[in-house]
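I opened the notebook on aromatic contacts. Here is what I looked up.

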Amino acid sequence: GCSNSSSTSSSASKAVKLPMAYNNKAATDKSATKNGTLKLAIVNNAPFQGISDPTLASNNEDAQAFAPGGQNSLFNVDKNYKIVDGGLANQKLDRKAKTATITIRKNAKWSNGSPVTAKDVEYVYEVLGNKASTSQQYSSDFENIEGMAAYHKGTSDTISGITMPNGENGKVAVLHFKQMTPSMKFSGNSYIWGYIEPYEYIKDVPIAKLASSEQIRKNPIFTGPYKLDKVVEGESTSWSPNKYYYGKKAQIGHITLNVVSMNNIDKALQSKKYDTVAPSVAGSLGSTDYKNLKNLKGVTKVGQPALGYSYFAFNLGHYDTKTGKNVQDSNKKMANKNLRQAMMYALNVDQVSEKFGNGIKWRANTLIPPAFSKYYDKSAKGYPLNIKKANKLLEDAGYKKRNGSKWRSDPKGKKLVIYFGAMTSSATTEATYQDYLQQWHKVGLDVKYTSGKPVEMNSFYDTLQKPEQNKMDIWLGAWSLSSEPSQSQLYGDTAPFNMGHFATAKNTELINKMNDASAWNDKTRTKTFKEWQEYMNSQAGVVGEQFNYAWQPVNNRVKGFDLSPANTEFYSNLTLTSSKLK
Amino acid sequence: MWKTILRRILIMIPEVIILSILVFLLAKAMPGDPFTGSINPKADPAQLHHLMKMNGLYDPWYQQYWNWVVHLFHGNLGNSYQYQEPVTRLIGSRAVNTLWLALFTTILTYCFALPMGMYAAKHEGKLPDSIIRIYTYVTYCIPFFVILVIGVWIFGYVLGWFPTTGSISSTAASGLPSIGSRFYHILLPGVLGALFGTVNVVQYLRSEVIDAKRSDYVRTARSKGVPEKDIYKHHIFRNSLLPIAAFAGYSITGLLNGSLFTETVFSYPGMGLLFINSISYRDYTVITALVLIYGILNLLGTLLSDIILSIVDPRIRIQ
Amino acid sequence: MEENLNRHSKISAADLERLSKEAKGEATPSSAKIIWSEFKADKPAMAALIIIIVFILFVMIASLFINTPKMMETDIMNYNSAPGTNGFLLGADTGGRSIGQQLIVGARNSIGIAIGLTVISSTFGICWGLISGYFNGYIDWGMQRVYDFMMMLPMTMMIIVLVTIIKDYNAVTLTLIFSIFYWEGTSRLIRSRTLSESEKDYVAAAKTSGTSNFKIIFKEIMPNISSLIIVDTTLSFAENIGVETGLSYLGFGLPMQTPSLGTLIANANDPNNITQYWWTWLPAALLIIILCLSISYVGQVVRRSADASQRHGIDA
Amino acid sequence: MGSNSEFLNIKDVSTAFKINGKYYDAISHINLEVHHDEILAIVGESGCGKSTLATTIMGLHDPEETKINGEVDFEGTDLLKLDENGYNQFRGAKIGMIFQDPLSALNPLKKIEDQISEVMNYHTDFTSEQKHQRVLELLDEVGIVNPKRTARQFPHELSGGMRQRVIIAIAIACKPDLIIADEPTTALDVTIQAQILDVLRNIQKENHAGIILITHDLGVVAETADRVAVMYAGQIVEEGSVEQIFNTPKHPYTRSLLRSMPQLDKENDDLYVIKGNVPSLQKMPHDGDRFAPRIPWLPADAHEKEPAMHELEAGHIVRCTCYKTFKFPDEQGGATA
Amino acid sequence: MSLIEIKDLKVHYPIRSGFWNRVTDSVKAVDGISFDIEAGETYGLVGESGSGKSTTGKSVVGLEKVTSGSIMYKGKDITKKSNRKSLDYNHDVQMIFQDSLSSLNPRKRIEDIIAEPLRNFEHLSKDEEKLRVLQLLDIVGLDADALYKYPHQFSGGQRQRIGVARAVATNPKLIIADEPVSALDLSVQAQVLNFMKKIQREFGISYLFISHDLGVVRHMCNNIAIMNNGRLVEIGTREDIYNHPMHIYTKRLLAAIPETNVSRRAEHRANRLKVEEVYREQQDKYYDKDGLAYPLVQITPTHSVALPEDLAEQLKHEGEVQA
Ligand SMILES: Nc1ncnc2c1ncn2[C@@H]1O[C@H](COP(=O)(O)OP(=O)(O)OP(=O)(O)O)[C@@H](O)[C@H]1O
Ligand SMILES: Nc1ncnc2c1ncn2[C@@H]1O[C@H](COP(=O)(O)OP(=O)(O)OP(=O)(O)O)[C@@H](O)[C@H]1O
Ligand SMILES: [Mg+2]
Ligand SMILES: [Mg+2]
């Protein structure tokens, strides 16, 4: 298989190396494939919502549950998630005319046999931007399309910036932008929506009611290799080949996807109830699962670095609601860079990862995960354990133990208590929090949990999303990322998600540079990313904690399993080598 | 009697109103909002605010409550934020699962409990009685979910006899196979729930039968020359089963309570699991609706018990 | 009256001492003594009682010697150590924390919660039941409506909602939250018994003797339903020990830093722990079972002896 | 009233109850005969074993908790030797029983008709129509004004007197030879008591049944009984015709009882009080005269060592010879001052 | 002036029903009765079960909420709670109950039971109190060892005597005795009745003696009221009631008393059946159209009967003829 495993840096040396694909040498059993059923598990504690349309859904489970239908995604990508030709549609960007031209392939059809049209491409923006839409996917970035803002406000019924030169039933749609950005070249960018809607099929349903309609929930249609046979609400979907599919024909007779709770998934896989879990870029299985399943017979483990990471962030300022900007305050408790760096050096993330990560997790050395192989700076050092350095940094900055106290006080001699925010989680994760607190105590920092214990996720973000808060000085969060690596939504000076309010001129400059004219040049863009990573590490405003593998065991009867993003015919490529799951 | 039932239902109304306000306020008091959970770089906070506003989540609570009540009178409990579909439909589909399981558990409970209770009482103080009593004590003391967890482990995984998640197999064809598959899925949770639920019924029935055994009318029956077998059949069991029949209504409360655990352990998509999920998603509309529904079901349970009792027991006739 | 009595009775102040001494000699043992002798006669009950007392004492004293924050420090090197290894008698949990020590502190916390909950909810429930049962009319009517309302509340759901609202809850707040809901069953039971007890003539006699309602309720009626109270209290105590476990299992119980039998048993929500790392939850589960069984057994014996002293004939 | 008409012969019957693992005699060495066409009254204070005797005859004791000795000869069969099935042939069919508490003795959940016809289910081969007829007949016979209506009612809808009549109807449904009525009127008002006693007497006349009437009310005995057995502490102390007992009572106990009754014609004096208490089962003296402690002024030698029954005249039997010297303290020439 | 004057006493229990749970009807347990109790006498109240005797008795001690009417004691109407309080009413009026077991708190020792009224009404030192209790025990014929025992350790008669001791503890003027002996055996009954008489003699107590046993009432009472369905049908002296009963109900009640004279039993029975017959035939004459008794009409100064005027005249006349 095309082992694309990326992490070779020292910090990741203890990580396991998993192939992205399971290169099954056994011969395909034609009849087993044709008559058999591929059983996939969706790992989730709740039933899936059942919204087949990625434009309306906002969760991973639905995406997994309806994945064999191809998700109605428009473009093929390469391993760096860059849009390439050959998919349902091709995209052509014209920087001068500020347009993106989307051309649908001739033989593209919905699973009910009707052709895919330009209107389908246009309509998705109507759904997305509609004032009454329940979709959470709309963002102000879309207002870069001419007329989108007016449509979103409701002052216009149509989006003037989307044209269909050959009419609604033609195959070409053109998007007119106010400004072009390099991120448009990548799937998952926030300007061009990578999915379509079956206009003819759903046009009668008011957009506000779309998410609860039969067309979306019970009998949705798709453009992918499989068509939906049945959906058991919240529990399972079953699929069979879609004869209208334009690409490689699906081979397996039936695919079923079932929701299995996190608690049960190991046992379910061990008892061979499923071939594998439904693939997901964020990864469904964790490190404990890996430990439990790594010796399981009859399966092969595959994986790729996940699109996500966990991080420590410091509370450095506030969000000015008037100007819509993040502002750093120099009098914040954590404003001292030495203090932040010392706290990071005090941590034994490597040790923790080794013990609990089981090779599936390793210390994050930067804020760009290795999944973005091109931008990821594998040489970055990050913050390995270095108690001595931590102590020195603190001493230098004047954080000293005074009056025989066991804790350090701040440079002014005032008592220093640092509040650490963390979300309730599994026993292992909470054990890790404890370990971190102990590490900080070792360097004499009095770090305590905000409100005495890890808090529930909602309360956690409730606190953080306030424009200004003083309850958490440092916290541990996690992001799962879009396949487009721009950082403006997370760390930009206007980003509301920049909850630590880290906003320096340099940071703003670098982030802007990722998407400005210079970035059309891939090399320059890569350089900018690396520069930014270095800068972020040096400032220690936000520091990566861990990266992880999105891994899964695949039953040895499955053939053609390849997780690479470039494998655009993922479901079509699957076959079975035996009719029985064992 | 109909009048009394009607009156009881009318009395329920203020209770339901108070509960609805209470739940409404409590739900709103929970930290976070339905969109906190969607925090990810792909979501634009502006859009989330837009959605919050669109759903009136920034209105004062009484305004929200009033809107909710107005909708309620149109048979509309609002939309689930998480599931993006009407709460009525969402709960409707989950309720079916919960009710199936509850019904099955109830039936099994009585199937287990009646013979046990009677047998224990008939052989009061003897070995079988002691065994049954120890059984009830032990099940009384073990937390319900421990029974479930151990049951799943043994019968679901180790022996692999029963499915461990879901309510129906994805491959089951409609018609008979689908009913069969549903049944197969509720078998294990039903049995485990029943094993747990028997405790109360067994103890209650046992003491009822023992009381009946010593009653004067049983002595009268003996003096009529009624054989022992028939005395049990016509007098003792009949008389002690009546209050048990009424117990069925009250047991709804226990079943609903148990559904939170059963459905969590078995990932069984019913109302209990929905509730647990909705809590972490702050799906206000669903939380409010579920608490209300559970409350109303509890009320109906007690009403049902009273009605059953008044039907079966000639001494109690509610006018 | 005095002269009247003196006139008609041969007994005078001079005889007082002698007679009361005589009477003392013939005095019937108090019910506490009767209960005690019942225990002495019933070996398993005695064993149960000893188990409970010794266990509670042990837990209370031993936990004084355990530094909880220290115990709760993670030592990731001892991740899930098996019993007997790395110096852990009962093994360690995922955080490398001693199960044995957690068991002691956890049991203390759980018992503490159970005692707190039982004391609060039973006291309140008993008072409420007594008052509601004794006074008929509007007081009872109003109190009954409260019952109806409580009866309707889906308890676990309400607790979960409350627990999510209160961000910084701890064992004390948790106990209080439980108490809001747990008094109702007791209260109902007490009320129905109080109702039938109030019908009895000794209540009427007390009224005609000029005893106040308050005194009648708490000094006349309450002792008469004491066996019910004792049994109900022991049973709810037994039940209350396990009450927080379910919630912990669902993820709404005590925070992990406050070990309790519940948080320990909640380790069982991971099937891997159930099989592979059984020591993380099984001891706690067994402990609960043994404790509950012992307590309810003791409750049974107490009831038996209390009833006997009430029912048996002249020569009880 | 010849001995040829006797059909129930209780011979030397003792019944002991198990209390804390030991057996205590509630009745000891009872000898009694019951004849056709007579009402035999058994009187005595509470706890003296009247009901125990009745339930012993009916075989209603739990065999594991009681020990019964002796012989109950009913029309040639020793009832005590029968098994449960055998007994059921007699109960309800040949022996009917009436209990004291009319409310609790009826199954609260069954209609009156069902409760009466139940007894016929086991002892007759009546069709249901016949049974229905018989139920109405019976209800009429025991003096219920509207049998049709009553048959359809539940016990709680009837007054105490009506319920007692229903119980009598059950007892006589199969025309038994023997009816045992255990305090049938104690819970009732005097006027209703009188009516119930009338019903009993009429039934006895019509069916030529023998009735054992258990009561502690001497008035009832005097009004109703033909023959009387006086019991004290589990023993029969005196037996005789009603005239013998009331006009020439012999045993000190019988005499004491009669004397402690408020008399309609004697006014305002103090009533006679028997000293002491009836001993409880566990404290029952087992040798000598059980009544002796309650007439302490009588010298010990006035009592027999092993008190035996003495026949004074035909049918009049007295236990112990103490009656000969017995006098009340206030009587002229009392034994002690 | 009489000790207690009861005027037109009514106690109705509401029956609630219907949609709004309103009072739709009432059980007229006591429906307008009037009589006086003189100091030192025993007043008998006789009637069938459910006729309202206990309700009357409870009203007199203040245990029952009275619907209307008055009960005058020392010139004050004690149906009002405030008056009872200010008079320390229950210091002077006490009650003895039918069921001796249930009227003694099974969880209290005899000492505490007897001392209860003392503690509430008289504030004595510990020793004084104990002495009083011992004296009271002595008076009712119980040994000092009873002091620390529990009620269940006594026989029925002993228990009833404890009840008497409690009732006389505060030296009351009136004791309501609600069927004090009907649960007791003959010999024990005699014992209790003797005690009651003895105490009355010694302390000058009045009794309201409630019973359905006409034999006992005759033995105990000077004046007797016959109660029927919440109303009085006849009041008079013992002589009046037993020898010259006028109301058909009284006659029937008297006829039902079993005859202990064996030789006259046939005769007695015939007489009873005759009275029954008359009762059935003449019922309408003695009751109004609702089946309730008429208001009392005075026949002689001591004797009143509930009869319509004309019938009363006629009977009065007959009575004079007889006399
Ligand atoms: N099942 C039993 N177990 C133990 N003792 C019993 C039982 N039944 C009756 N006794 C005792 O036997 C004695 C006689 O009881 P029995 O019921 O025959 O008396 P009785 O004459 O019918 O009294 P009463 O007039 O109160 O009905 C009593 O002392 C009673 O306590
Ligand atoms: N609390 C009550 N509520 C309703 N009705 C009552 C209540 N107490 C008594 N009654 C009714 O009042 C009537 C009179 O009752 P009461 O107890 O005074 O009768 P009694 O003459 O004492 O009868 P008994 O001889 O049975 O004691 C009865 O019909 C009874 O049912
Ligand atoms: Mg008896
Ligand atoms: Mg009464």
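I started in helix α9 of chain C, where Phe178(C) and Tyr182(C) both lie, four residues apart, about one turn of the helix. Helices here are DSSP runs of H or I, at least four residues, numbered from the N terminus. The model is predicted: local features need pLDDT of at least 70, side-chain atom pairs count only at pLDDT 80 or more, and totals for chains, interfaces and linings use all residues. Side-chain values use heavy atoms, without hydrogens and water.

I counted the rings next. The structure holds 65 aromatic pairs over all chains. Rings of Phe, Tyr and Trp (its six-membered ring) pair if their centres lie within 6.5 Å; planes under 30 degrees apart are stacked, over 60 edge-to-face, the rest tilted.

I checked one tryptophan pair. The ring centres of Trp128(C) and Trp183(C) are 5.1 Å apart with planes at 55°, so I logged the pair as tilted. Trp128(C) lies in helix α6 (residues 99–134) of chain C and Trp183(C) in helix α9 (residues 171–198), so the pair ties together parts 55 residues apart in sequence. Both Trp128(C) and Trp183(C) are buried (under 20% relative accessible area; exposed is over 50%, partly exposed in between; 1.4 Å probe, protein chains only).

I went back to Phe178(C) and Tyr182(C). Their pair is edge-to-face, 5.9 Å centre to centre, with 85° between the planes. Phe178(C) is buried at 2% relative accessibility. Tyr182(C) is partly exposed at 21%.

I then turned to chain A. Phe312(A), Phe420(A), Tyr433(A), Tyr436(A), Trp440(A) and Tyr449(A) form one aromatic cluster.

Conventions
Residues are numbered from 1 along each chain as its sequence is written. Chains are lettered from A and ligands numbered from 1 in the order in which they are written. Helices (H or I, at least four residues) and strands (E, at least two) are DSSP runs, numbered from the N terminus.
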